[in-house]
Each structure stands twice: as C-alpha cells, then as structure tokens.
Amino acid sequence: MSCSRRDFLKQACGGTLASVLPVSAFTFLSPEEARAAVENANVRWAFLVDTRKCVGCGLCVKACKNENEIPYDAPVTRTWVERMGGRDGFIDNVINGEEIDPDNIAKAFFVPKLCNQCDNPPCVQVCPVGATYQTDDGVVLVDRDWCIGCGYCIMACPYGVRFFHPVHKVADKCNFCYHRITKGMNPACVESCAFDARRIANLRDPDDPVTKIITTERVAVLKDEYGTKPHVFYIGLDENVR
Amino acid sequence: MTSEAVVHGVEWTVKELFVYPNEFIYWSIQIVMYPYMTGLVAGAFVLSSLYHVFGQKDLKEIAQFSLVFSLALLPVAALPLLLHLQQPLRAMEPLLTPHFTSAISAFGIVFTAYALIVISEIWFVYRRYFVDQVHELKGKEGFANMLRLNVYRALTMGSFDISEEALRVDHKAAKILAGVGIPVACFLHGYAGFIFGSVKANALWMSPLMPVIFIMSAVVSGIALCMLTYIVIMEWKAFRKRRTEGVTAAIEIKGAETDIINTATKYLLGFLVAAISLEILDLIFRGYTAMKSWDILRSVMYGKDFINIFVLQYTLGNLVPFVLLLLPGRTLKRTVVALLLVLFGVFMMRWNVVIGGQAFSLSFSGYMHYHIPIIPHSVETFKEGLFGALTVIVTPFVLFWMINKFVPSLERGEEAKY
C-alpha cells in the first residue's frame, strides 16, 4: 500500500482531530468548581412582595441606594415604590372641594418594584458582549468592566428596572444584593423593611418559609405576557399594576 | 456639578404622567442617525449594483459614483454608534467577544464583510486606472507626484497585468462581488431593523416587518442621496466649465444627464411605493388587532406625534415628492426638491421609529418627550445633540472628497472607460 505525503498529512490531521474532540468534551473541575456546581443546583433565588403590608415609607429605596452606592439625588434607582389607586388618581379624599366617603376610596396601596431576575431574561439575550449574564442561582448580574454602555439591555427590559449608573457609566440594576445573599444575609431592602413586605426566597428549598408562601398561596407576577418568567412574586396585585 | 446632571437621558427627557423612575430617552439622535447612515450605505450600493449586476447601462455614470460614495459612507455608519456608547473605549468588544444571541453582535461581522466587498469591488473596477497612473507618474519630478506614485503603486498591490484577459477577469470579479454585495448590503440594514423589531418590550418597535421596512426605505434614501449628490456635483462642474472655458466646452460636460436621472427616478419610485405600503400595512395591522398597547400607541401616533408622522413623514416626505417626481414635465430643479424631501422623509421615519418608540412609558400610562440638545455644554450634549448629528452628516462628504482624489468616480470621456 502506497501513501503520498498529502494523504499522510490529511489522515494524520483528521485522526488527531477525531481523537481530540471527544476528549475535549470532558473538563477537569477544581474541587471548588465541583462544589459550586452541585451547591448552586440547590439555590434559585426569588422574591416575595406583599403589597398588603407595604406602607410606602421608602426605607427600602434608601437602604438600597446606600448599600449599592447609587447616588442619592440621581433620579435613577434599583428599586422603587409605586403608589396605586386612590380615586381617579387623587391622593386626598377632598376632590374638587367635595369630600368623598373613605369607603369610596378603595384600592389605595403601594407596590414595591425591583428586578424580576427573569428565568428567560431579555436583557441577557440582547447584550452584545455578554457583560450581563445569569448566574446558576438565577440572579442576573452586570459586569461593570465589560459593559460597553450601548443601552440595548435597558431597551429590552419590559419592567424598566435598568439604567445607566451615573458614576460608572454602565448598565445597572437590582441584583437582590447578590454580595449579601450569597453570604447568607438578606438584601438591604429586605433588611430595612419593618413590615415584612419584602422577603427573599430560595425556591429550591422546600422548607424555606417564603418559598412555602409562594408555592401554597395565590401569588402573581408582573407582565407575564412577555414570556420572561419573572421571579418576583406579588401578593395582592391588581390589574392596574403594570 | 450635581450628580443629577450625569444621569444619561435626564438632559433631554421630559416626563409626563406615570413613567417608571429609570425610564428616559436612552436612545437619542445618534441612534436615529445610525439606521439613517446605514440605510444610505446600503442604498448607494444597491444603486451601483443595478449597473454592475443587472447591466443597467444607462446607470453607468451614477453607478461608479455610488460605489465610491458608498465606501465614503461606510465608516460613518459606525460613527453614530461610537458617539452613542457610554464606554466608547470598549467599542471593539462586540467584535472581540461577541455574544451571539444579541443582534448587535452581528454588526462587526456583517460590517466587516460588507466593507471588504465594497473595497475589493472598487479595487477591481479601478485597478486598470491605478496601473495607468503608475506608468504615467513614473519619472515625473516633484514631491507631490512622488507621493501620488507611491500611493498608486501601493493601490495596485503589485498587480500590473492589464492585458485583455486580465481586465476580463477584473470585470467578472467586480460583477460577482456586486452580486454578493446586494444581499450583504440588505442584511447590513435589515439587521439594523431587526435590532429594533426584536425588542419585545417596546410595543412600537416589535414587528417582523421592521427589517423589511428598513431595507426598502434604505434603498429609497440611498438612491435619493446618490442622485442628489451626483446632480449637484455634475451641475457644479458644468457651471465652472461654462465660467472658465465658455459655452462650447460646457456642452462636453453636459451636467447631469436626464436619462440617468430618469432611470434612477424609476427605481426610486418603485422602492418608495414598497416602503410606504409596508409602513401603512404595519399601521393598519396594529390598529386592527388593537392589542393592549394600542391605546397608548394610538395616542402617540394620532396625538402627540401626529405632525411628525402624518404631516412631516408621510405627507411632506413621501406624498409630495411622489407627486413631484410623477407629474409630467419634470425639471432638474423639481427633481432636486423632490429628492431633498425624500431624504427628509426617510430621516423622519427613522426619527419616528427611534424617538417615537420611546415616547411612551413601559407602564402604558405616561409619556416621554425628547428635547434635542442644541447648544452643547458638555461632551454628552455635544455627542448626543444637534452638532453631533451634523458631524455625522458632514463626514461622508469629506471622506468622499478625499477618496475621490485617488479614485476618480466622476470623470467623463476618456476616463469613463474604467
């Protein structure tokens, strides 16, 4: 059997590739990586907001701004509280000089908003450089060293939770205080809420009391029509909340 | 400086009724300029391809010019993006670490591919000219001539064969490149439409028709700009010739030829009809299906933005030039007016998509108004203001003037054989 140099090289390259490819499918994990992979499978962060308990004090917003170093006077924020209802948008029971019976002022309540840490996050999908990404435990993070500041993620978020950080000039948003929750602490807003209106949950832990509420009581999410699978659950939501 | 001043968007956004706190007009004038300039690139290339691929002989003169003009426009398509980025120094990242689920990550690949096609097509078309110049300049005295000689020598890239056979190959290569270039040009711009059309959070943008609408209006604006620039330059040349060498010499130059303008106008009208039809279809469909977002969209389109959309874009930018171009006895002056209006109409279309898409809140219960910064008082208000936009508009003409020094796309008579 004769073998030209061309054939030899061809077959040698082919053979090497064929033998290398299956091997490259296996990677060696360091012990830390292995532990992280297993442990993270047991965590899926979620959030529960009880709108019946919120009094609209705004301490959560203040705590968030302090904790995450968002300039206090800048009109951007990682979390905010919306005031809903009243009657026809009025905030006082005296309308056009006429006093209204308090019974007619229904549905006046507060809705705290924050990032929904979607399971199908459009912001991650549209980031051209992968600077915003989803962790294994479900939280969407932003890499401040890699974000180019194009604003596509801000446009893609149906909830309007993203903004440009006034100091760092990159996209920014709530991350459930990832630096705190991964160390077993509560997010700053949860910590500061005196009424238990905001609570953090690990959906993979069946014994988590907040997870129990989410799985056994009637909760709703915001704007599910966008298919983003949001993970901030609300008690006492109304159709007017958007 | 208060910290408020540095929040991107605060400078030019005015909010009305219920708007989420983080909502601002984040994509401002430069993102209006981006699809506008990309559209001009794609349109100019399509016009040049009508001659190179489909053999529209009467378009030859304008086709050569469009091809070179398309190259001058090309860097300017990326300029608005650069001016808009919050981190312009990281502009290369989408090319180096593209995240392929994002429409923007395709930009680097498509843009580079397109640039290579345009540059190599120009090279094949003008190679013989480069070689001729080298032979002509050889032995001539003077620093300028030496400089020119070296530039042309570099441009030939060592290929001095101008035999019949070699030129035939050149011609064939240019034709193939022009043919490949059409889908790539359409993709370059169609994907700009996809960037907007695929944003599911934005009720106005989200439409599968968006890329097609963008391509059609791109070709319209590209043809219009090429025709306009061509007419102005040729008339100016004829005018100068008449001043310096008298009436007889002017006849040789003739100015812009009517048959070229007539043929280009036909294509312009065709694409204009396609663009308007698609836009109207999109509008009717939204009204007819009346999804949740229709209430706020209707109040924006028929209320807040009525002048911008129906008066400036559809009437002044589409209907009036359409009538002007169709009425019999068209003169060159009337054509110029119509072309200016067409360019204005396409610009308003981009404006109404980009700014109009951010004119309402994601809550569907409030509005945002955009006030373009006129007098800049910071880098940001320059970049994302009137003067930033004007910089983008002026650059391609400056580039064209420079490129045209070495690649004469407007020569006639003896030179026109290239």
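In chain B, the charged end of Lys15(B) sits over the ring of Phe24(B), 4.2 Å from its centre. Lys304(B) does likewise with Tyr367(B), its charged end lying over the ring at 4.3 Å from the ring centre. Bear in mind as you look around that this is a predicted model.

**Aromatic pairs around Tyr20(B)**

- Searching the whole structure turns up 33 aromatic pairs over all chains.
- One of them joins Trp80(A) and Tyr20(B), whose ring centres are 5.8 Å apart with planes at 50°, so the pair is tilted.
- This pair crosses between chains: Trp80(A) belongs to strand β2 (residues 80–84) of chain A, while Tyr20(B) lies in the loop between β1 (13–17) and α1 (29–52) of chain B.
- Tyr20(B) also forms an edge-to-face aromatic pair with Phe18(B), at 5.8 Å centre to centre and 85° between the planes.
- Trp80(A) and Tyr20(B) are both buried; for Tyr20(B) the relative accessible area is 1%.
- Phe18(B), by contrast, has 30% relative accessibility and so counts as partly exposed.

**An aromatic cluster**

- Tyr152(A), Trp27(B), Phe196(B), Trp205(B) and Phe214(B) come together in one aromatic cluster.

**A closer look at Ser293(B)**

- You will find Ser293(B) in the loop between α8 (258–289) and α9 (294–304) of chain B.
- Its relative accessible area is 14%, so Ser293(B) is buried, given that the cut-off for buried is under 20%.
- Setting aside neighbours within four places in sequence, Ser293(B) is in contact with Ala203(B) and Phe364(B).

Conventions. Residues numbered from 1 in each chain as written. Chains lettered and ligands numbered in written order. Predicted model: local features only at pLDDT ≥ 70, side-chain atom pairs only at ≥ 80, totals over all residues. Heavy atoms only, no water. Helix = DSSP H or I, 4+ residues; strand = E, 2+ residues; numbered from the N terminus. Buried < 20%, exposed > 50% of the residue type's maximum accessible area, 1.4 Å probe, protein only. Contact = heavy atoms within 4.5 Å. Phe/Tyr/Trp six-rings, centres within 6.5 Å; stacked < 30°, edge-to-face > 60°. Lys NZ or Arg CZ within 6 Å of the ring centre and 35° of its normal.
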